[in-house]
Amino acid sequence: MNTLALVGAQWGDEGKGKIIDILAEKADMVVRAQGGNNAGHTVVTGGVTYKLHLVPSGILYPDTVCVIGNGTVVDPAVLLEELDDLSAKGIDCSRLKIDARAHVILPYHIVLDELSEDARGKADIGTTKKGIGPCYMDKAERIGIRMCDLIRPDVFREKLRRNVEIKNALITKMYGGTPVVYEEIAGKYAAYAERLAPYVCDTSVLVYEAILADKHVLFEGAQGALLDLDVGTYPYVTSSHPVSGGFCVGAGIGPTLIKDCLGIAKAYTTRVGKGPFPTELDNEIGERIRSVGAEYGATTGRPRRCGWLDAVILRFAVRVNGLTGIAMNKLDTLSGLDTVKICVAYNKNGVLIRDFPSDISELAECEPVYIELPGWQGDISGARSFDELPETARQYLRTVEKEIGCKIAMVGVGPDRDQNFDL
Ligand code: GDP
Ligand code: IMO
Ligand code: MG
């Protein structure tokens, strides 16, 4: 079996897009199985930067089949715009397949995402306001509209009419918002359906057959373990399952079909949106990491909160995903610091904690316990092997491995496809 799952090991934006793109060179198929256009995956190659939100990061290779699986939520307008942009850059998107069961994001989901966030006031989650949560809510409530409904005009109009009625009651009576207009949505989405219909099929069958034929299949995670609806920092999470188990449900395959699982991490920690973040650096070093690492969201442009690497988080990611290796990106961003810190445990009111707390109230009480190591100087973005790194950078990586109990398999020293090497 030739399958590999790639997951975010922190709070998202770990550089998954770059690693998928690198590994996709040898892949036959790349599969997205959860989330939607809340994701922003950056691929830099030959001086061109691609920001992919829904289309799997394998699309840049001419023969890779790209799958948007049943566990994803699809905003047709965003997807079509992304396909148009890629086509304008000369990329053939006919290899894209969208599962018939994937749920469709509708304008009322976006309106409700905004209204519910506003209504939460200071207790807001800091969502991307792309309608992700409300769309998954409809899925769980069993009133969602799926791709298979979208491409059947009669079914779509009937389901849409019923939902618009329910959602407008909520929008106007609960939030005092402006109702959405059924005819407007029906017209727009009919046009989207016509364009998207050729891509829609049962991707569970495609993925299964590819695996049986011993094709190389990559599963592309979106978000990260701490944003998982179940095991993440609830309620400051997304509404899907970014952990490796999410691939089974979201791609319609069984767990015995995933051979290895690579966790993607940064050499430090970032987060967009609200919620506790023990190693956050609300100081000059945090600012420096943000500016050197260009830590601004690929989807919303929001500044990312930055902090030291947290080994407690990475141990959690190793556990909940069953990681068989880690790809550590952005080692270059830490260059030039006199010393670097790694959080190895938390101190909660005098008690040492090594496992990530399940309750965020407890997390909020945790103080990081750091080890401090010497930093490294100079530009390391040209390094192409472990041996080319300064001794202190090597020491940093070895210490991380020891602390998290998982092998670092790849290191990233820059955003480009080429600025990466195996360990
Ligand atoms: P994703 O959502 O996990 O795919 O990550 P994003 O694309 O949202 O954010 C990662 C950012 O880091 C992007 O701007 C990448 O181009 C950039 N990046 C990835 N790996 C490296 C690296 O090793 N070094 C540097 N300097 N930038 C990197
Ligand atoms: P990629 O795939 C970082 C965060 C949002 C917010 C929370 C809920 O690029 O790593 P949502 O709109 O999903 O309901 O927002 O999740 N979030 C991400 N943070 N990277 C992402 O994706 C994210 N997708 C969602 O900022 O805190
Ligand atoms: Mg991102």
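A residue is called buried when its relative accessible area is under 20%, exposed when that area is over 50%, and partly exposed in between, with a 1.4 Å probe and protein chains only. By that definition Y234 is exposed, because its relative accessible area is 53%. The structure is a predicted model, in which local features need pLDDT of at least 70 and side-chain atom pairs count only at pLDDT 80 or more, while totals for chains, interfaces and linings use all residues. Residues are numbered from 1 along each chain as its sequence is written, chains are lettered from A and ligands numbered from 1 in the order in which they are written, and side-chain values use heavy atoms, with hydrogens and water left out. Helices (H or I, at least four residues) and strands (E, at least two) are DSSP runs, numbered from the N terminus.

**The magnesium site**

- The magnesium ion, ligand 3, is coordinated by an OD atom of D13 and by the O atom of G40, at 2.0 to 2.2 Å; donors are N, O and S atoms within 2.8 Å of the metal (3.2 Å for Na, K and Ca), and since water is not among the atoms, sites may look incomplete.
- The two coordinating residues link distant parts of the chain and are 27 residues apart, with D13 in the loop between β1 (3-8) and α1 (16-24) and G40 in the loop between β2 (29-32) and β3 (41-45).
- D13 counts as partly exposed because its relative accessibility is 22%, whereas G40 is buried, with a relative accessible area of 10%.

**Helix α4 and its surroundings**

- In helix α4, which spans residues 132-141, the buried residues are I132, G133, P134, C135, Y136 and D138.
- Those buried residues of α4 pack against β6 (73-74), β8 (103-104), α3 (107-120) and α6 (153-174), where contact means heavy atoms within 4.5 Å.
- R142 follows α4 and has a positive phi, near 70°.

- Two packed helices are described by the angle between their axes and the distance between the axes; here axes are lines fitted to C-alpha atoms, for helices over the stretch in contact, and angles run from 0 to 180 degrees between N-to-C directions.
- The axes of α3 and α4 come within 7 Å and cross at roughly 120°, and the crossing is right-handed; a crossing is left-handed if the near helix is turned anticlockwise from the far one by less than a right angle, and right-handed if clockwise.
- On the α3 side this contact is made by Y108, H109, L112 and D113, and on the α4 side by I132, P134, C135 and D138.
- By class, the contact of α3 with α4 has 5 nonpolar, 1 polar and 2 charged residues, where Ala, Val, Leu, Ile, Met, Phe, Trp, Tyr, Cys and Pro count as nonpolar, Asp, Glu, Lys and Arg as charged, and the others, Gly among them, as polar.
- The axes of α3 and α6 come within 11 Å and cross at roughly 15°, which makes α3 roughly parallel to α6; angles under 35 degrees count as roughly parallel, over 145 as roughly antiparallel, 65 to 115 as roughly perpendicular and the rest as oblique.
- The crossing of α3 and α6 is left-handed, and its contact is made by Y108, V111, L112 and L115 of α3 together with L160, N163, V164, K167, L170 and I171 of α6.
- The residues of the contact of α3 with α6 divide into 8 nonpolar, 1 polar and 1 charged.

**I20 in helix α1**

- I20 lies in helix α1 and is buried, with a relative accessible area of 0%.
- Leaving aside residues up to four places away in sequence, I20 touches L6, V30, S57, G58, L218, F219 and E220.
- From I20 to A5 the C-alpha to C-alpha distance is 9.7 Å, and the two are 15 residues apart in sequence.

**Y234 and the loop between β10 and α9**

- Y234 lies in the loop between β10 (217-220) and α9 (245-251), and P235 has its place in that loop as well.
- The peptide bond that joins Y234 and P235 is cis, with omega about 5°.
- Y234 touches L229 and I360, not counting residues up to four places away in sequence, and its C-alpha atom is separated by 16 Å from that of E365, 131 residues apart along the chain.
- Q223, found in the loop between β10 and α9, has a positive phi near 55° although it is a residue other than glycine, and at 8% relative accessibility Q223 counts as buried.

**A further positive phi**

- K330 is not a glycine, yet its phi is positive, at about 65°.
- K330 lies in the loop between β15 (325-329) and β16 (339-348) and is partly exposed, with a relative accessible area of 21%.
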